[in-house]
Amino acid sequence: MPEFQVLSQGKANIEVSGYDNWNGGTTIYGIYCRVPLELYSNIELEIQAIEQSIKNKAETLFRSYPDSWVGEVVISPELADEIHGKAYKISHEELVKLLESQKSVMVSVSTGGARIQDVNTEYQSNLSEISEALRERGLVNPNTFKDLWEWYGRWSDGSLSTYQSRRAFLSEMFTPIIETIKGMKSASVNPVFEEPTGWNRVDRSMGEIKLRLAQATTEEQYQGIGLLARETLISLAQAVYDPDLHQPTDGIVPSKTDAKRMLDSYISSVLPAKSNENVRRHAKASLDLANDLTHRRTADFRLAALCAESINAVVNILSIISGRRDRE
């Protein structure tokens with residue numbers, strides 16, 4: 001039962017979300033459930049139905065309190081309290097160098113270069129290190145030759161009779177894994193401002209997006225980045241939007257999770273003059289791109305990276321506009 005999963009695996013808080021002066025006054029409460037990202041990914045298409053189901057059950061409990069009622073139930077992915085990153089024994093760059101070196105040694109011994117007995121010990125040591133590093137990343141070493149004598153048996157059986165065929169075989173074996181590791185070298189999403197914004201939840205979620213982008217290898221993991229990006233927009237909107245100061249551009253008061261309306265209202269309010277039209281247009285274009293990418297159902301590295309970069313741009317634009325990047 002998804003409602004049970006949400007409430008048992010997640011963290012739920014009940015907070016005052018509003019107050020109505022009608023009929024002696026009524027306090028409006030919101031129930032906010034933060035669940036593990038993996039669970040959120042599995043139930044994403046059912047979120048609204050689950051929220052409504054929990055709200056219906058909560059309203060039954062609140063009937064004993066006539067001056068209180070449940071205004072909303074919001075389910076969102078939980079973020080780590082601290083972002084440390086994966087402590088790999090060797091970096092992506094070092095792993096690529098090891099893989100390229102291993103390939104070069106195998107080419108050399110099979111094309112009249114180095115003697116196997118001179119380089120086999122180093123080959124075996126590197127093979128063990130490479131395999132462990134790939135396992136840490138959830139990847140499998142495509143090189144199954146436990147030593148160079150086994151590689152010798154493969155190329156000398158007649159199926160790889162020429163130097164060119166041996167080079168082609170090794171290139172086909174090593175190139176995909178090397179390119180995969182190179183694609184993981186995307187830790188720098190924020191080349192202009194490295195320091196945090198000071199909006200704690202925004203900084204934590206951006207840190208987790210960067211970390212997951214560097215480590216993701218599956219469609220589900222890339223989709224998780226989109227979910228975190230959507231949560232980041234909501235956190236950013238909640239950090240800057242003040243309903244008393246920022247009037248909605250379409251006359252509809254945004255809910256606590258309506259990031260698009262809150263950010264639109266904020267940008268229009270703080271950049272009202274005609275001289276700010278280009279800045280306002282750029283900020284809204286970045287927001288539109290980020291909002292669009294977070295709702296894409298397909299997921300791969302490029303789309304996840306675009307999504308992360310677009311969210312990062314919106315965060316930085318808003319942090320500049322709000323004065324958080326000003327020099328003291």
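Visitor: Which way does H8 pass H9, left-handed or right-handed?
Guide: H8 passes H9 in a left-handed crossing. Left-handed means the near helix is turned anticlockwise from the far one by less than a right angle; clockwise is right-handed. Helices here are DSSP runs (H or I, at least four residues), numbered from the N terminus. This is a predicted model: local features need pLDDT of at least 70, side-chain atom pairs count only at pLDDT 80 or more, and totals for chains, interfaces and linings use all residues. Residues are numbered from 1 along each chain as its sequence is written, and side-chain values use heavy atoms, with hydrogens and water left out.

Visitor: At what angle do the axes of H8 and H9 cross?
Guide: Roughly 165 degrees, for H8 (residues 200-215) and H9 (residues 219-240). The axes come within 9 Å. Axes are lines fitted to C-alpha atoms, for helices over the stretch in contact, and angles run from 0 to 180 degrees between N-to-C directions. H8 and H9 are therefore roughly antiparallel (an angle over 145 degrees).

Visitor: New topic. Where is Ser265?
Guide: Ser265 sits in helix H10, residues 259-270.

Visitor: Is Ser265 buried or exposed?
Guide: Ser265 counts as buried because its relative accessibility is 1%. Buried means under 20% relative accessible area, exposed over 50%, partly exposed in between (1.4 Å probe, protein chains only).

Visitor: What does Ser265 contact?
Guide: Tyr241, His246, Gln247, Pro248 and Thr249, leaving aside neighbours within four places in sequence. Contact means heavy atoms within 4.5 Å.

Terms used
Helices (H or I, at least four residues) and strands (E, at least two) are DSSP runs, numbered from the N terminus. Angles under 35 degrees count as roughly parallel, over 145 as roughly antiparallel, 65 to 115 as roughly perpendicular and the rest as oblique.
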